Amino acid sequence: MLVAVLAITACAPIPGNQTQGPPPTPERAPVLENDGTPESTARTFIGVMSRMEPAVERECRQRRTQPINCDFQFVIDDRPGLEPNAFQTIDATGRPIIGMTLSLIAATRNGDEIAFVVGHEASHHVLNHLDRKAGAAAAGAVILGSIASVYGVDEATIEAAQEIGASVGSRYYSKEWELQADYLGAIMALNAGYDPMNGAKFFERIPDPGDHILGSHPARAARLAEVRRAVDDVRSGRAR
């Protein structure tokens with residue numbers, strides 16, 4: 001399913017005595033506009049990834065609270081007909097994978113938008129959202145399955161209740177996790193030299209999910225507010 005792999009070697013820091021202090025303000029990344037041609041799209045994507053991969057791996061090592069793998073692999077699904085989408089998962093060894101459809105990359109207008117998407121997906125891994133989602137789904141399945149069993153229903157009904165519980169459980173915190181990934185992803189993009197406020201304009205061209213109780217994504221206004229808060233926090237020194 002993942003038919004193309006982009007592998008960029010990140011530079012490791014040189015060990016030794018180094019003066020500790022606040023990180024320097026990152027230089028603005030070259031402004032890369034996508035004019036819609038395949039050549040421009042590829043050039044913009046490669047240019048962004050050459051900065052974002054080492055940036056997200058550095059952020060992962062510095063911010064992780066558990067011994068997670070920070071050696072990211074980036075893959076592209078170029079099957080025709082797929083809707084614009086990006087996702088984060090891990091392989092059998094625990095290595096984090098960030099995937100994007102070719103249609104999503106083609107839909108971006110500049111490097112800032114690609115950088116923001118990459119930072120957002122990488123943040124899900126750093127914040128351990130996959131494990132937390134699995135735990136919430138398992139808890140939901142147990143709760144609804146137990147309730148169904150109390151009423152003496154048959155096994156098929158209990159299994160159906162467990163499936164519903166797992167779905168509800170996995171969605172219960174999903175909007176909160178999306179906002180957390182927007183916040184940290186904006187910081188990652190900013191620290192790599194990109195403008196997350198400009199990158200978040202990508203939200204303006206996709207349907208607004210609104211604020212449904214069990215929706216998987218928060219409303220556009222809430223997401224933009226998190227990006228703006230992240231930028232303000234970095235500029236005021238409340239976050240790096």
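**Exercise 1.** Which residues in helix 6 meet which residues in helix 8? Then describe how the two helices pack.

*Solution.* The model is predicted.
- Step 1: list the contacts. From helix 6 come E178, L179, D182, Y183, A186, I187 and L190. They meet A222, R223, E226, V227, R229, A230, V231, D233 and V234 in helix 8.
- Step 2: sort these residues by class. The contact of helix 6 with helix 8 has ten nonpolar, no polar and six charged residues.
- Step 3: describe the packing. Helix 8 spans residues 220-236. Its axis lies 8 Å from that of helix 6, at an angle of about 40°. The two helices are therefore oblique to each other.
- Step 4: Helix 6 and helix 8 cross in a right-handed way.

**Exercise 2.** At what angle do helix 1 and helix 6 pack, and how far apart are their axes?

*Solution.* 
- Step 1: locate the helices. Helix 1 covers residues 38-63, and helix 6 covers residues 174-191.
- Step 2: read the geometry. The angle is about 125°, and the axes are 9 Å apart. That makes helix 1 oblique to helix 6. Their crossing is right-handed.
- Step 3: find the contacts. M52, V56, R58, E59 and R63 in helix 1 touch L184, I187, M188, A189 and N191 in helix 6. By class, six are nonpolar, one is polar and three are charged.

**Exercise 3.** Is N198 buried or exposed?

*Solution.* 
- Step 1: N198 sits in helix 7, residues 196-199.
- Step 2: apply the cut-off. Buried means under 20% relative accessible area. N198 has 19% relative accessibility, so N198 counts as buried.
- Step 3: name its partners. Beyond neighbours within four places in sequence, N198 contacts N110, D112 and E113.

Terms used: Residues are numbered from 1 along each chain as its sequence is written. This is a predicted model: local features need pLDDT of at least 70, side-chain atom pairs count only at pLDDT 80 or more; totals for chains, interfaces and linings use all residues. Side-chain values use heavy atoms; hydrogens and water are left out. Axes are lines fitted to C-alpha atoms, for helices over the stretch in contact, and angles run from 0 to 180 degrees between N-to-C directions. Helices (H or I, at least four residues) and strands (E, at least two) are DSSP runs, numbered from the N terminus. Angles under 35 degrees count as roughly parallel, over 145 as roughly antiparallel, 65 to 115 as roughly perpendicular and the rest as oblique. A crossing is left-handed if the near helix is turned anticlockwise from the far one by less than a right angle, and right-handed if clockwise. Contact means heavy atoms within 4.5 Å. Ala, Val, Leu, Ile, Met, Phe, Trp, Tyr, Cys and Pro count as nonpolar, Asp, Glu, Lys and Arg as charged, and the others, Gly among them, as polar. Buried means under 20% relative accessible area, exposed over 50%, partly exposed in between (1.4 Å probe, protein chains only).
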